[in-house]
Amino acid sequence: MRLYVYISLKTVVIMWLLLGCNSNEKNSTASITTSQLNDKTKITLSDRSYYIATPNTNFDPQKSYKLLLAFHGSMQGAKSMRSLTKFEFASDNYIVVYPQSKVEEWNEGCHCNKPHRLGIDDLRFVEDVVADVKTKFNIIDDELYAVGFSQGGLFTQNLRCNSKLNFNSIASVASPMSDNLSLQCQIEHSTNYLMVHGKKDTTLPFEGLIHSNFGLISSESAIHLIAKENNIDADVEFEKSNDISTYTFKNESHINQLVAIEDGGHSWAFTHFDTTKQVINFFDSVSKKKFDKHTSLYRIEKEHSKDVNVRSMGLEHSGPAIILLSGFNKNYHSDSAWYSLLQPLIARTNRVHVIERYGNGFSSLVEQPSYASFAPALDKTLAILNEDEFIMVSFASANILAHVWQNSQTLQVTDHLKGMVWIDPDILLPHSIALYQDWPVSWYRKAGDTLIEHIQQGNWTQKTLDKLNDERSTINELIPLDYKDMMDWSYFDLISQGRADIDKQLIRAKEIINYHDDLAAVLGSKMSTSIPITVIDTDFESHDIKNAEPEYLDTLLLWQQEGSQWSQFISKASGGQYVPLINSDHMAVFQHPDEIIKTILHLENN
């Protein structure tokens with residue numbers, strides 16, 4: 001029969017546990033009262049149960065969320081854990097689940113306690129909970145998190161070692177590690193991990209515990225072992241500030257960290273450490289979806305769990321909304337980073353939404369990304385945004401998406417479209433389309449699967465990083481001095497640096513391959529003139545013409561001439577403006593934001 005450590009200690013410690021283990025520590029979330037928690041969120045699952053909490057503010061059932069599981073300690077419960085941690089008040093990005101153990105504690109993997117003797121399969125229970133939550137809410141793929149307190153923290157270690165679920169990150173608070181589990185733990189999927197433990201913990205001691213039935217290794221030993229199992233070979237980085245010591249192991253893909261509170265006891269909250277906030281901060285830091293306050297993921301395809309990333313600003317304004325769509329630059333990069341300057345400028349006067357195609361930014365990955373295939377998802381996204389009136393702004397080749405969307409036969413929201421602005425659009429005439437379909441698109445198509453495999457092996461990562469650094473320097477030089485302070489570099493870097501991920505490199509290659517068919521699909525298609533289309537036409541082609549080999553000179557000159565004539569025709573026929581920009585770079589979204597805003601205002605006021 002297991003000898004509980006808790007019973008062998010002083011009675012006051014037992015009472016302390018029953019009261020929530022915070023009797024002598026400052027509760028950093030005390031401003032939120034237990035009465036605010038809703039008891040009606042209890043979910044029964046067969047003979048088990050869990051509590052579920054949506055974000056305290058801005059919850060939208062059409063959005064997708066990360067999933068956080070929070071496990072209570074021994075002789076506590078799900079409601080107690082919810083009252084103690086209040087994760088739903090700490091972030092708008094998580095659906096939070098508080099599972100209830102079947103008996104007084106969890107089957108933590110030590111093969112030594114009551115749930116083990118009773119054959120309680122808590123690992124399977126957690127799998128069932130996750131599956132059940134996904135039937136009720138939109139949960140983002142690969143964004144699963146877990147945290148546990150005390151014996152619940154020991155159980156999260158069992159999850160990391162033995163669960164079939166793939167957690168992006170796990171945290172344990174006031175928990176070292178079971179000696180038995182440490183001897184058996186083999187982590188199949190490397191995981192980010194955070195330990196928080198008070199060095200003066202007398203219930204589950206920081207230094208571990210020698211015991212014939214319930215031995216514990218120290219937290220320092222645990223973080224070393226876990227880092228090794230997570231394939232982190234780097235030496236520990238040690239930092240001490242005030243009464244907090246931090247031990248960090250990290251490599252290029254994962255971080256494992258122990259935060260030791262020098263004067264901390266067996267507690268969730270500490271005087272100089274807001275555990276709830278710091279756990280959320282850690283999870284956010286290792287997430288592949290580092291949302292800011294403007295970012296939302298909308299579930300567009302429920303059957304296939306596909307989400308579209310929308311970044312929205314200026315929501316306090318009335319009048320027409322502005323929809324921004326990104327297209328290719330010279331390196332064929334295309335995402336919301338291109339609007340890191342223009343969006344905050346427009347948001348001074350208008351609601352403005354940047355919509356990411358599948359595979360770009362935070363939007364879901366798809367096997368065959370393209371402009372044309374995204375048109376139905378664009379329409380569904382616009383329907384969710386539910387704007388009474390909007391102007392659509394397309395940069396570069398994104399006019400293909402705008403054109404295909406507008407000409408679709410199954411649209412829901414075309415009646416709300418007030419006008420379009422096309423910034424350096426693709427010229428949808430035979431000569432120009434043939435030029436776009438030539439090198440490097442033709443080379444990508446020919447390389448095909450061989451190229452995809454080459455990229456998967458990481459062979460293009462450094463090349464991609466070099467291009468990204470060059471792009472950043474170029475863009476910084478393009479931004480007018482008066483607009484430097486409005487540039488959102490933090491968002492630009494977040495999105496653009498994500499292009500170096502292997503999956504984003506693959507998306508880029510596939511988009512380039514499929515670009516050929518996007519162009520073929522719009523060749524000879526009828527241009528709608530039912531709404532005004534304003535075309536902003538830079539002369540960036542002049543640089544290519546100036547540096548062209550003689551055999552390509554006539555082709556490029558015709559391309560430039562055809563582009564100007566076609567742009568003027570489209571503008572005039574639709575009742576829009578033709579705005580030529582002389583001595584301009586292709587990236588007019590950074591170099592000429594004032595000109596773009598003028599054209600938007602002209603459409604809005606006419």
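I took buried to mean under 20% relative accessible area, with exposed over 50% and partly exposed in between (1.4 Å probe, protein chains only). At 8% relative accessibility, W559 therefore counts as buried. Y436, at 12%, counts as buried too.

I noted that the model is predicted: local features need pLDDT of at least 70, side-chain atom pairs count only at pLDDT 80 or more, and totals for chains, interfaces and linings use all residues. Residues are numbered from 1 along each chain as its sequence is written, and side-chain values use heavy atoms, leaving out hydrogens and water.

Next, rings. I let rings of Phe, Tyr and Trp (its six-membered ring) pair if their centres lie within 6.5 Å; planes under 30 degrees apart are stacked, over 60 edge-to-face, the rest tilted. The whole structure holds 27 aromatic pairs. For Y94 and Y145 I read centres 5.7 Å apart and planes at 75 degrees, so this pair is edge-to-face. Both tyrosines are buried. For Y436 and W559 the centres lie 6.2 Å apart and the planes stand at 85 degrees, so that pair is edge-to-face. Y436 is in helix 13 (residues 430-437) and W559 in helix 19, so the contact ties together parts 123 residues apart in sequence. I took helices (H or I, at least four residues) and strands (E, at least two) as DSSP runs, numbered from the N terminus. I also found one aromatic cluster, formed by F328, Y332, Y371 and Y515.

Last, charges over rings (NZ of Lys or CZ of Arg within 6 Å of the ring centre and within 35 degrees of the ring normal). R48 lies over the face of F125, 3.8 Å from the ring centre. R499 has its charged end over the ring of W338, 4.5 Å from the centre.
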